[in-house]
Amino acid sequence: SEKPNLESVKSARESLRSLVTHEDEGGKYAWEVLSEVLSYSASLVPEISDSIYDVDEAMRLGYNWKYGPFELIDKFADKDSSGPKWFAEKLKAAGKPVPAIISEIGNNNFYKQEAAQVKYYDVKKKDFTILEASKDAWTLSDIKRGKKPIKKNPSASLWDVGDGVVCLEFNGKMNSLDPLVLEMITQSVEIVKKDYKAMIIGNDGDNFSVGANIGVLLFAANLAGWKMIDGIIKQGQDAVMALKYAPFPVVGAPTGMALGGGCEVLLHCDFIQAHVETYTGLVEVGVGLIPGWGGCKEMLYRQLELRKQDQRAVAKLGGMFSFLSPVKTLNTMPAIAAAFENISMAKVSTSAEEAKRMEILVRGKSAVTMNRKRVLADAKAKALELAKDYQPPVPVNISLPGKTARSALNMAVNSFVKSGKATKHDEVVSKALAKVLSGGDTSITKELTEQNILDLEREVFMELVRHPDTIARIEHMLETGKPLRN
């Protein structure tokens, strides 16, 4: 059989009307399905509800629709007619009944915007009613409507969300991070210092952030702009450290994907208020790199802290039972190995719950929200709670084994290569990661600052980005959206 012509799928990018009016199989199928579903939904008002908004909300929340049926009908509109009017005419032409509410609304849409207000058609009043956003469940678009940002550039914006709290929004393609985003992070910290209490980081997009814009890296690499790339890595490190040590609380509010650089931003927040469907992890090895914006550092610190907590618990137990003698010094190798496993395997959580097991969401410093529309509201509430007696974290130095730990990790990498579970360039990248997580040229008797680890991250990142196999991975990812196994 011939492959069906589905040009309609491409036309759907233009408008919903373009999809259902396309003459190919896809367009005809879309019309048959949507006309039945939307007609049926409209015919149930006011039988199941007096509010079209409640119907739309039920379909969004209960069935994960992006738009409710009445919102979809509105999307049939063009400059000559409203969505409901066009839909009614199309139904009549197809010999299908027109629901009463569709006829009633006439040449109006079910929703309309007037200045800073959104109104919806009220079936009882036969008129439009203001749609009030709940103080406990709102989107950033509710806040932005009719307002101007505190500060804005092409890749990010800063919004006043009330009560002395601001929201930093990434708004590039798939909310990827570029130098303009990093610039906005740094500027936002200075703005909040002067005039506000706290900051949340989130948006209304399907994804929090898919990570750094690797197209920028490839462009610079092709021009041998190594100094430019080094500057971007340094800029990113400075930006996330400004978040971590800001004199006010920063709460990350992720939903969807929070990958690579997006995950690194979250790791430097005081608290993470995550949507239940949050898919997060450090995935840089997929393009032949390591996390360069403090991701290695933070995952290492979190794994070390987890084991310190366990040791403190044992020490407390030892105080109760004198025959137990708790270990006085911390064995760092388990923490290093755990961080190495997560990063080298590019692990991504399948949910917020799994992100807890990966130590991205840390006990006492994170919470999970079920309702997508409550994520930002919950994040704001937490930011205000933290702001009452906020004190920025105190820098902590760590000691790492250096060469001994690196040798152990390299042996594990070698075994994976021999068994065919790792490729030639996987070996290069994993051994570079081992260098960072083991502390480089250090020993367990020396103390390392966060900046020492950041400098090591940056040094190793710059070594990898010059590697031709890394360039090949970046090019392949940009062209196909899939990792290259070279």
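## Surroundings of S351

Setting aside neighbours within four places in sequence, S351 has contacts with V276, T278 and Y279. The model described here is predicted.

S351 sits in a loop, the one that runs between α14 (333-344) and α15 (352-357).

## The three-stranded sheet

An open sheet is formed by three strands, ordered β1-β2-β3, and their pairing is antiparallel. At the edges lie β1 (111-114) and β3 (127-130), each of which pairs on one side only. From one strand to the next, the twist averages 40°.

The pairing of β1 with β2 (residues 117-122) is antiparallel and runs over four bridges. E114 takes part in this region of the sheet, with Q117 in β2 as its bridge partner.

## The largest pocket

The largest pocket holds about 1,500 Å³ of space. Its lining is made up of 36 residues, and the closest of these to the pocket centre are R60, W65, K66, T139 and K373. By residue class, the lining of the largest pocket comprises 15 charged, eleven nonpolar and ten polar residues.

Several elements contribute to this lining: α4 (52-63), α5 (69-74), β1 and α8 (140-144) each provide at least two residues. The largest share comes from α4, which supplies four residues.

How values were computed. Residues are numbered from 1 along each chain as its sequence is written. This is a predicted model: local features need pLDDT of at least 70, side-chain atom pairs count only at pLDDT 80 or more; totals for chains, interfaces and linings use all residues. Side-chain values use heavy atoms; hydrogens and water are left out. Contact means heavy atoms within 4.5 Å. Two strands pair if DSSP finds at least two bridges between them. Axes are lines fitted to C-alpha atoms, for helices over the stretch in contact, and angles run from 0 to 180 degrees between N-to-C directions. On a 1 Å grid over the protein atoms alone, a cavity is a set of points where a 1.4 Å probe fits but cannot get out, and a pocket is an open set with protein on both sides within 12 Å along at least five of seven lines; lining residues have an atom within 4 Å of a point. Grid points are joined across faces, edges and corners, and a volume is the space filled by probe spheres set on the points. Ala, Val, Leu, Ile, Met, Phe, Trp, Tyr, Cys and Pro count as nonpolar, Asp, Glu, Lys and Arg as charged, and the others, Gly among them, as polar.
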